[in-house]
Every structure is written in C-alpha cells, then in structure tokens.
Amino acid sequence: MPLRLYDTATGMVRETMPAGQTARMYVCGITPYDATHLGHAATYLTYDLVNRIWRDAGHDVHYVQNVTDVDDPLLERAERDGVDWVELASEQTDLFAADMAALRVLPPRDFVGAVEAIPEIVDRIQELLTAGAAYCVEDDLYFSVDADPQFGLECPLPPDTLNPLFAENGGDPDRAGKKNALDPLLWRAKRPDDPSWESQLGPGRPGWHIECTAIALNRIGAGFDVQGGGRDLIFPHHTMSASHGAVLTGGRPFARSYVHSGLMGLDGEKMSKSQGNLVFVHKLREQGAPAAVRLALLTEHYQTDRDWTAARLTEAQHRLAHWRAAVHAPAGAPGHPVLAGVRARLADNLDTVGALSIVDEWTKATLHGDASDTTAPALVRDVVDGLLGVQL
C-alpha cells in the first residue's frame, strides 16, 4: 500500500509517491546543547516509521538529517556551564546517536553538522546574493522573503501570528534596516568572542534556516518526498528553508510533503527546556527500558500533542511482556492477517494506535490457546521488529 501522510502545506492526507526506486526524506536535527529528551524521541520515531514503511515497500531510502552544531543556544549553554562549545556539541551529538540507536531508530544515510557544511552554505548564500534575493544590514546578510512569490505556502497560519512566532523562534522582526520584518538572517558577521569562519562573505557564521536548505539541496535535491520535524518547526524554520530553496532552484518546490509531529508534555504541562521539565532518554535507558519507551511513544497518533506519564511507561512494559510471551509460544493465532493489518494501518497516515491494537488482538488469541499456526509467532515477531521497530 502507498504510504499516505498528512501534508501541512495542503491540509490533506496525501499519498507519498517517490519518483523511482529511491525515496528521499530530510528531517531537521537537534541543536546539541542538551541531552536527548522524549520530545526528540517522539519526533524521530515518527520518521523512523516512514523510513521502515518505504523500505518494506521496496524503496531505497535516502534519509538526511542535520545537526545544528553552532548556534546561539549552544553557545549560551557552553558559556553558562563554562565548557568549550565544540566539546559540548560533540558530547551531546554522541549521546543523541546512542539514544537513537537504543530506541532502534534507523540512522540517516547522511548525518551532517552545520560546521562541516559551512563551505557549501556559503556557496548557497552567494547564489542568493547573485540572484538579488539577499542584502546587507550593517555587516550581516539577510534573505528577502519578497524574492519568493510563493513565500508562506508551507505555513497555513494567520498572517498576524507570524511576527510574534518569528521573534519567539530566533527571528528579529524589529531590527532596523530590514526590508521586511520576516526577512531571516543568512550570515551573521563576526562578533567579539563569537566563533566565525573566513569566507567570501566576510568572517562570520551561518543562520539557522539556510543551513538546512544547503544540506538538503546538496544531498537529495529539490522536490524530495518528505520534509519532517516537530510541529514547532512549521514556522519559521520549514517555511524559511523552503523559501530559500525555491529561490535557489528557480521556483521548484523544496519538498513534496511537509509532515509534522505533535509535541510532548509531562503530567499536563508542555515539556520544554525553558520549563525545565524534560524527561531524558538516557535516564530511561539507564533503567533498562528502551523497547518499552519506544512502544509507549507509539500509543498515540504522531500528530497529537502527547503527555508523558509514569503510567504510560508501565502500561508499555506490561504490553511488551505480553507480546514477548506470545511470540515465544510454539504456535499461535494466524499470523498473516497481522502482517497485512499492520501494513495497512501504518500506511494510513501512520496509524500506530490501530497497528498496536492488531498485535494486541493476536497476542490475546494466542495466549488464550489459539495454536493453529506454527509459523505465526516468528512472523509476528518480525512484523513488530521490522515495521514498528520494537524488538521482542
């Protein structure tokens, strides 16, 4: 079955139809100044399911993810803690990779840091300058959103909300000298005690949005199948990255579908760094529960804002124990309907709730004595492993 996903830009559930054998996906990565929390985990599990479903359908998958390993939040955290920002970024990136491996998230083919990509980012900024889509404010360079006639196509939000959202998410709508309040920074000229790189643009470092544009275009090209990330990236990040891409490619769509996962809360409150209520994956790993954590994060639909509670993890541990008992039985209820059912539910906009229910029903029948299929336990084990990413 073709994978159908909710596309933020059109407000519709649409088929993803990769052109040819290779499916292409870009998912925005972390800024590595704090350990991987459950909000990260929920996001990257979503696109891991996309990766697995495409592979199950016979596609090669070219999955690209960045790491924003130089940015204001990272530098501020390093200064606060009195550590070197390079070491902090490296340490947290390694921890993120270990957390993702423990959760059995298939790694991207290209995992690219902003620092290593600076030469190619500079080249893309230079192209925007040549096209007349960038301009100077003092020594900084900005992108002109007016250069993109389709600006905002990926962002179905009321216009009067954009300036506040821009300001809340790293933008500077009130800076004097800008042509449009929403114009985003492309290149930040060197400041005292700020890391910088020499380039034809002058010494400095890149803005956030052009980073993802350059990395994506240079590895999978324009018109890739899915741009992914959390719902908080719709604006400004995904909107700005897509606008950069459109201008750089003569108006071609940056991505064919924009897919966004919901946000995580904790005990009824939004989970965020500013709130100080993050639940870290490595802490849960220390309790020996990565499979249960993954299963717990699949118990609600990826688009919903979810709440993490201790009870959710306990329920997942019980479910996992029942599933494991069933797949270790010598025979069970018929297994092929489980394969067909899980495939169908996941192909329908990643309906993990329905997919888990199918496995639950098979488990219940098997543990209650249905032993009509000797091949079923191994088949169901492989379905849960391959499609849901839960090892039994």
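I began with strand β7. Both of its faces are covered. D140 and Y142 lie on one side, L141 and F143 on the other, and all four are buried. I note here that I am working from a predicted model.

**Entry 1: the sheet around β7**

Next I looked up the sheet. Four strands make up an open sheet, ordered β6-β7-β8-β9, with antiparallel pairing. I checked its edges: β6 (134–137) and β9 (204–206) each pair on one side only. On average, neighbouring strands here are turned by 20° against each other, direction ignored.

I then went through the partners of β7. With β6, strand β7 (residues 140–143) pairs in the antiparallel sense over 4 bridges. With β8 (residues 185–189), strand β7 is joined by 2 bridges, again antiparallel.

Which residues face each other? V137 stands opposite D140 of β7. Y135 has Y142 as its bridge partner in β7. On the β8 side, Y142 stands opposite L185.

I also looked at the hairpin of β6 and β7. There are 2 residues between the strands. E138 takes a positive phi there, near 55°.

**Entry 2: aromatic pairs**

I searched the whole structure for ring pairs and found 6 aromatic pairs. One of them is Y26 with F224.

Y26 and F224 are both buried.

Then I returned to the bridge partners in the sheet. Why is the pair of Y135 and Y142 stacked? Their ring centres are 6.3 Å apart and their planes stand at 25°, which is under the 30 degrees cut-off, so the pair counts as stacked. I checked burial for each. Y135 has a relative accessible area of 8%, and is therefore buried, as the limit is under 20%. Y142 is at 1% relative accessibility and counts as buried too.

I noted one cluster as well: ring pairs link Y26, F224 and F254.

**Entry 3: nonpolar cores**

I turned to the cores. The largest nonpolar core has 66 residues. Those with the most contacts inside this core are L38, L297, W308 and L388. Helix α1 (residues 38–56) gives the most to the core, with 10 residues.

What does L297 touch, neighbours within four places in sequence left aside? The contacts are L38, A41, A42, L45, M264, R306 and W308.

A general remark for the page: in soluble globular proteins, nonpolar side chains tend to be buried together.

**Entry 4: T363**

Last, I looked up T363. T363 is placed in helix α12 (residues 352–367). Is T363 buried or exposed? The relative accessible area is 4%, so T363 is buried.

What does its side chain meet? A polar atom of the T363 side chain lies 2.9 Å from the backbone oxygen of V359. Leaving aside neighbours within four places in sequence, T363 is in contact with H322, W323 and A326.

Terms used
Residues are numbered from 1 along each chain as its sequence is written. This is a predicted model: local features need pLDDT of at least 70, side-chain atom pairs count only at pLDDT 80 or more; totals for chains, interfaces and linings use all residues. Side-chain values use heavy atoms; hydrogens and water are left out. Buried means under 20% relative accessible area, exposed over 50%, partly exposed in between (1.4 Å probe, protein chains only). A polar contact is a pair of N or O atoms within 3.5 Å; within protein, one must be able to donate a hydrogen and the other to accept it, and residues adjacent in sequence count only if both atoms are side-chain atoms. Contact means heavy atoms within 4.5 Å. A nonpolar core is a set of buried Ala, Val, Leu, Ile, Met, Phe, Trp, Tyr and Cys residues joined through side-chain atoms within 4.5 Å. Two strands pair if DSSP finds at least two bridges between them. Axes are lines fitted to C-alpha atoms, for helices over the stretch in contact, and angles run from 0 to 180 degrees between N-to-C directions. Rings of Phe, Tyr and Trp (its six-membered ring) pair if their centres lie within 6.5 Å; planes under 30 degrees apart count as stacked, over 60 as edge-to-face and the rest as tilted.
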